[in-house]
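Dear colleague,

Please find below the structure that I am handing over to you.

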Amino acid sequence: MRDIILNALQALQITNYQIEENETESAELFFIKKTLDMRRMKRTKGYAVTVYRDFEAEGRRFRGMSTAQIFESMTPAEVEKSLQGAWFAAQFVKNPFFELYAGQKEPPVEMPSTLADRPLAENALLMAEALFAADTAQDAFVNSAEIFAVKSRKAILSSAGTDVAYTRYEVKGEFVTQCKAPQDVEQYFQFSYGELNTEALTEKTKGAIAAVRDRAAAQKSPKAGTYDLVLSGDQVATLMEYYAERSLAPYVYARYSDWTVGKPVQGANVQGEKLNVTLLPLSPYSDEGIPMVARPLVTDGALQLIHGANRFCQYLGIQPTGYYERMGLDNGTVPLKTLQKGCLCPVSFSDFQMDAFTGHFGGEIRLAYLYTEEGVEILTGGSVNGSLPEKQGKLIFSTERYDTLAYTGPFAVKIEGVEVAG
Amino acid sequence: MQVQRSAFLRDAKPLLQELIGRLSEKYGYASVLAADTRSKAYRVGNTGVNVGEDELFTRRGFVLKVYDGRSYGEYSFTHLDEAAIPAIEAEVAERLMPLEGLPEGLTLSEYGQIPDEPAVLLKSTEYAVHPDQRGDEAILSALTAIRDDARGRDERIIDCTIRFEFQEIHKLFLSPHRDLEQNLLWSDGALDVMCPKGDDIVSYYDSASVLGGAEVLDTLRGKLDNAVKSALELIDSESMVPGEYECVCTPAVTGMIVHEAFGHGVEMDMFVKDRAQAKRFMGQYVASPLVTMHDGAAVKQDTGSYFFDDEGVLSHDTVIIEKGILKRGISDAQSAMHLGTEPTGNGRRESFERKAYTRMTNTYFEPGTDTLGDMIASVKDGFLLDNPSSGMEDPKNWGIQCMVNVAREIKNGKLTGRIFSPTVLTGYVPDLLKSITMVSKDFDLEGGGMCGKGWKEWVKVSDGGPCIKARIRLG
């Protein structure tokens, strides 16, 4: 198919292009309690071809672009027609001129992973075994689970010389834990690993079962008011996305963000920990073939990098970095137990959100622990509505760490004075 | 005009029939869903212009479903020709169905065979103007004109992003006794007016949708005035004081409550997993007698419409709540088999690459007899809630988590002009639905967004209804 696409591009005299080839295999297991309800397999291949068309208008130089999806089952005539459609559309896309990212031919990269050692179906079954290994109690248990073992291969070829490819493995999924008494409740969890990390999944399930047992015991909502809040796990990762999003090149170019390198993005008066955030690669190349390396984003509360796709970085006159999907946080000074004292600690939300435009974060609390001098109160209900720009000067992070495919850093963060609706 | 058939599916059909024939000799049941979908998305904003085929909506491939006398397996693939058929058979026979090495303590489900009732169907939806016919240049010109209009109205508007998208869907479902083909076209558009508020950006988003073509651009244009006005008002918005208030919800907010707060709770794959409280409330009052709720791909013409679902079940109109009483849920075929009920044509896949789940289609409350003016006049101290921004389901506990962008204060029956944003709706779903005391004659259905199951499995749906008045806890 790659040759068919190249021939069609030549026939249409399209000289600027990028071809992205995506191949995916997966083994998928769907459980209801401990019964396998459905098994699935997938083997797919597809191509996204972006064509670039240069033109001048009103004395300015433009480079329009449009993407066509090409399928394995297309005939050469269909491929040519599809690319012709994209080429036609590109002439109306009046974007300022930019150069394509000029890469080079590199040997294919096989990303090392223990998941590469055995067939996908076996990986999926081993993760199932790990997930249910912690499901031993009668009162609280795994209600349902979905497990996906995936092998994906991506190749990127462009008219500017880029010719790279890599293969990546992951196991990911979700599961729900349930506890029926004293009240029937559930908790939802996701997981994703780049390795056959069976121990981590067993530990996660163990924690998930303990959490749902606590939620079943929770009777009261927190009283409405202002609390010192400790967020943990995936909520910390979501909160920190504020810094990665606000520093995106397209946001800066579009004036959605006024962040510049050197700006004290955590505010001028930081009384808590100064943030140290690093963008981390999940794959060796971006979708444009840009080599991905770890890059400091925020150091001691000051922005170090505007990052993003080639086009926007060129418009801003900075080095293109590609889009990052993982973040590392080099913070953490206080043990979790100390951090929790006197705080409301929501550990589960129905949907925790952070709006990068406003810095507002919040969601409905599914399970929270209120640590007071009298002891620990288990709570459910109510909602958090906070503003990170207002509170970011006093953040304190735990020394305990948390690792997922998308985040590595402190497990918890303390935020002072956040509004909670009861 | 009617949506034309797919030449690819026409050509692939004999091969697929051969494949199903061969698999049927070995397995009790085999079916295939073949999809050939094409889309194009247009977007204009400060980041520039984008035109292209969307990866999510432009797909071509197949999913086989096979029954081995006990359980079901599925195989999704993209490569099909005469030579590939033995390899596909081998994949199913050697890798998918044997399932070796199931860990100790885990068992395999036991299902009956899908009743493969004979059916033949070939249907297409209608459109006024196909986006291809309107053309790239004209569509981009229309979008740019709306955007320029917005930006020219007030210098505080830093951007008005605007998009238009369509999807032409061709699907073929084949089993030993069913031969179904459908051709659909939906289009939608959205605009997002943004203004700075200190270091932040506030925005007002609105959308329009149609089971049809580029005619939706006119509807989108009609939404601009309110979007600009509201975005500018949001600059002076205040923080909500948490509490329980009398609220009037616009049809868009009603739609979010219908869909997120209640609709997900009657998806019967959740009944199978014991994850939905609704299962225990069948035949009981869960809402005010003013409330009648529908879901169905056949009941309205919008982005959730189709003639048969992704498991080959014909579309329905399901009355879920009738005058406040919960009557029934919606289901996919496999969940219906598990529960011993009839499937309702709600088995949907994000694409041929994904599993089918019970999903909503067009979901709404029926209109009532009140007017919006009377509803506002009846509120002593409360809010007019508008512009939903997000929502999350909680079928197990019927907890509400919905966010609205605009809460307009009402005092003594009049809008005061004060706006509060953002606002979180919380509480217990039946409490909210039972507190409904007024339902308007106005009715609006909107299908500009997508619906996920949990945090994945995105499908197009529409939702809406009339304005409703209820007591709601806000934060």
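In this predicted model, six residues of domain 1 of chain B are in contact with five residues of domain 2 of chain B. Strand S1 (residues 29-45) of chain B gives the largest share of the domain 1 side, namely three residues. By class, that side of domain 1 of chain B has two nonpolar, one polar and three charged residues. The centres of the two domains of chain B, taken over C-alpha atoms, are separated by 40 Å. A further part of chain B, residues 243-474, is assigned as domain 3.

Chain B also has an open sheet of six strands with mixed pairing, in the order S13-S12-S11-S16-S25-S22. Strands S13 (325-326) and S22 (444-446) of chain B stand at its edges with a single partner strand each, so one side of each has no neighbour in the sheet. Within the sheet, S11 (residues 293-295) and S16 (residues 362-365) of chain B run antiparallel and are joined by three bridges. In this pair, B:His294 stands opposite B:Tyr364. Helix H7 (residues 251-262) of chain B lies across S11, S16, S22 and S25 of chain B, at about 120 degrees to S25(B).

Helix H6 (residues 224-234) of chain B has the buried residues B:Ala227, B:Val228, B:Ser230, B:Ala231 and B:Leu234. Among the elements that cover them are helix H4 (136-153) and strand S8 (178-197) of chain B.

Finally, the largest nonpolar core has 270 residues, and A:Ala124, A:Met127 and B:Val32 have the most contacts inside it.

Conventions:
Residues numbered from 1 in each chain as written. Chains lettered and ligands numbered in written order. Predicted model: local features only at pLDDT ≥ 70, side-chain atom pairs only at ≥ 80, totals over all residues. Buried ≥ 20, exposed ≤ 12 C-beta atoms within 10 Å, placed from the backbone. Helix = DSSP H or I, 4+ residues; strand = E, 2+ residues; numbered from the N terminus. Contact = placed C-beta atoms within 7 Å. Domains from an automatic or database assignment. Nonpolar A, V, L, I, M, F, W, Y, C, P; charged D, E, K, R; others polar. Core = buried A, V, L, I, M, F, W, Y, C linked by C-beta atoms within 7 Å. Pairing = 2+ DSSP bridges. Axes fitted to C-alpha atoms, helices over the stretch in contact; angles between N-to-C directions.
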